[in-house]
Amino acid sequence: MTATQRMDRVPSPSPSPSSSPTPSRRRRHRERAGSRLAAVLIVAIIVLPLVPLVINSFARGYVFPQLVPAEWSTRAWSIVLATDGGTWRALGWSMVVATTVTALALLVALPAGRVLGLRSFRGKRVLEFLVLTPLLVPAVAVAIGLDITFIRLGLSGTFWGVVLVHLIPAAPYAVLILAGAFANYDADFEAQARTLGASPLSVFRHVTLPAIMPGLIVAGFIAFIVSWSQYVLTLQIGGGKVLTLPVLLVSTASGGDMAITGALTIVYALPVVVLLVVASRHVARAGWGMTGT
Amino acid sequence: MSSSGNPRMLAEPRRSAPWRISDRSGRIRDSAWLKLLPALVVIVPLFAAALMLAVIQSLGYFPLIGLRSFNVDAYRSLFGNDEFWQSLLLSIRIAFMASLLSTVLGIAMALGIRGIWRRSRRSAFLFQLSLPIPHVIGALAIVHLLGQSGLIARLGHSVRLIDTPSEFPALVFDPYALGIVAEFVWKDAPFIAIVVLGVLGTVAENYENVAASLGASWWQRLRHVTLPLLLPAVAPISVIVFAFAFGSFEVPLLLGESFPSALPVLAYRLHTSVDLGLRPEAMALAVVMSLVVMASALLYLVLVRRVRRGEQT
């Protein structure tokens, strides 16, 4: 680490106003200009697919080959946001489920992430595999595997049933991200605080928590998104009773009203986009873990 | 140096504190197992139950519909079914294409914006925009973008390339699953790019500067310095992208042809069929999918290990 750090001082020359720009500085200049162009292009590609959905939600009779809608309308929005419509209930379900999943995932992941991050021990590989696999196994496989058992246990079609199955992919994410946070954490500060007479609780509050806060924010953010994005688990285990936004959205989309689908899409996307605004800085730094959600 | 953008989420403990060697003696303390317990209790039984139940039911034990014997009939009829092989092939092709294209584009994107990545917060936000957006939305967005009456087709019409929607090539609900792959690339290329940016920022820059000062050209630096540094970090993430694309349900559901359908869609269809006799086959399919994904997980861990070992020497 130190070797590579020292190395980067070698090529950068001492700044003197009279000398012409060095090759490395000229290179960096060119790179930055190219970067700006590339950034505009990339952002356009990322944002472009979302544009038709937004246009659709404000359009009436937006058919081929109109590029700009012939007629603008807020009809879809007034239907989607109607107080007696299903949107608000679905939004409520999604919020409550995702919040509960996030809280539970963080709760169980905190101690596990600490052990995985700070220690190495025999059996750690097996443990890593046990944490990684639930996160990768197709949701369909889990959903149909648990189907009959959840019906028999009376968990099918209930809030807690859906929360439990969402935890299968969400909790491993939280564990892995917190393990990453703890890997850069020095537990010796806790020993120092203890020597100074701090109770276990105040050690956690004043030493551990502030140190791993960024990791905790990212872990919570990702756990929330994982739960927020689940479709087939909710569809199968929720059995049409726990009607979250994605379930409502897919059934609306199959109904074929583009404008209403567009508006509902925005309602579904907005909360996570707002969360991204809040967490963007932390997430960019900590990496996205293995988010493919 | 912080582990910014560290792709290795299964982090190794720090090596710089010799006084904590006792913790790494190779034996885990009892209290440590206790700490692992809550997470394991939540994750393992649920997940293990799901898989065990799938295995048991795939072997024909299905009291609900009067099946109580163990046999491999479901597997035999699944493997004898042409649709299964077509679906398997399709799913593997989707996952492979998604993983390959996301990796190549992700690296290209990262190299493109590395110069301003740490400076512009706004572009950092926009750049990550597709990551938290659910696949259901991504899939619907692709329909409205690449469909035959989608935005691109309309743009084609406005420049007189096509007259009717049917003249636009079928990019969604198509036999090549292009729309499905496009959705995964849209979501996963930026994800890979962020991993790459982490490596570029911490390690690669120094070596690139050395190479540049020794007179290496842009291409030489990319070929002999940057890519060899990136690939070990990116390879495991590509495996993860493969596994996600392979197991995804909603994307092929919303963007795929009905025949052949991707494996997860086929499994769901068999499971929800009115013919309850098809359920063991659905379970067998769930088991097959899980095995493919577990193999990916193992490959991921092996690749990560190799990177770590490489760093230690």
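Modeller: Let's start with a definition: the expected span of a helix is 1.5 Å times one less than its number of residues. Helices (H or I, at least four residues) and strands (E, at least two) are DSSP runs, numbered from the N terminus. As for the source, this is a predicted model, where local features need pLDDT of at least 70, side-chain atom pairs count only at pLDDT 80 or more, and totals for chains, interfaces and linings use all residues. Residues are numbered from 1 along each chain as its sequence is written, while chains are lettered from A and ligands numbered from 1 in the order in which they are written.

Colleague: Thanks! How do you know what span to expect for helix 5 of chain A, and what does it reach?
Modeller: Helix 5 (residues 87-118) of chain A has 32 residues, and 46 Å is expected at 1.5 Å a residue. From first C-alpha to last it reaches 44 Å, close to that value.

Colleague: Where does helix 5 of chain A bend, and by how much?
Modeller: The bend is about 40° at A:Ala109, and A:Pro111, a proline, follows within four residues. That angle is taken between axes fitted to the seven residues ending there and the seven starting there.

Colleague: Why are helix 8 and helix 10 of chain A called roughly antiparallel?
Modeller: Axes are lines fitted to C-alpha atoms, for helices over the stretch in contact, with angles from 0 to 180 degrees between N-to-C directions. Angles under 35 degrees count as roughly parallel, over 145 as roughly antiparallel, 65 to 115 as roughly perpendicular and the rest as oblique. Helix 8 (residues 159-183) and helix 10 (residues 200-229) of chain A cross at roughly 160°, their axes coming within 9 Å. The two are therefore roughly antiparallel to each other. Their contact divides into 15 nonpolar, four polar and no charged residues.

Colleague: What makes a residue nonpolar, charged or polar?
Modeller: Ala, Val, Leu, Ile, Met, Phe, Trp, Tyr, Cys and Pro count as nonpolar, Asp, Glu, Lys and Arg as charged, and the others, Gly among them, as polar.

Colleague: And why is the pair of helix 9 and helix 10 of chain A called oblique?
Modeller: The axes of helix 9 (residues 188-195) and helix 10 of chain A cross at roughly 140° and come within 10 Å. These helices are therefore oblique to each other. The contact joins A:Phe189, A:Glu190, A:Ala193 and A:Arg194 of helix 9 to A:Val203, A:Val207 and A:Thr208 of helix 10. By class, that gives four nonpolar, one polar and two charged residues.

Colleague: What makes residues of chain A and chain B count as being in contact, and how many do?
Modeller: Their C-beta atoms, placed from the backbone, must lie within 7 Å. On that basis 102 residues of chain A are in contact with 105 residues of chain B. The largest share of the chain A side, 13 residues, comes from helix 2 (residues 23-47) of chain A. That side has 69 nonpolar, 22 polar and eleven charged residues.

Colleague: What makes the backbone at A:Pro65, B:Pro260 and B:Arg160 worth a look?
Modeller: Most residues other than glycine have a negative phi, and most peptide bonds are trans. The bond from A:Phe64 to A:Pro65 is cis, with omega near 5°, and A:Pro65 lies in the loop between strand 1 and strand 2 of chain A. Another cis peptide bond joins B:Phe259 and B:Pro260, with omega about -10°. B:Arg160, although not a glycine, has a positive phi of about 65°; this residue sits in the loop between helix 6 and helix 7 of chain B.

Conventions: Two residues are in contact if their C-beta atoms, placed from the backbone, lie within 7 Å.
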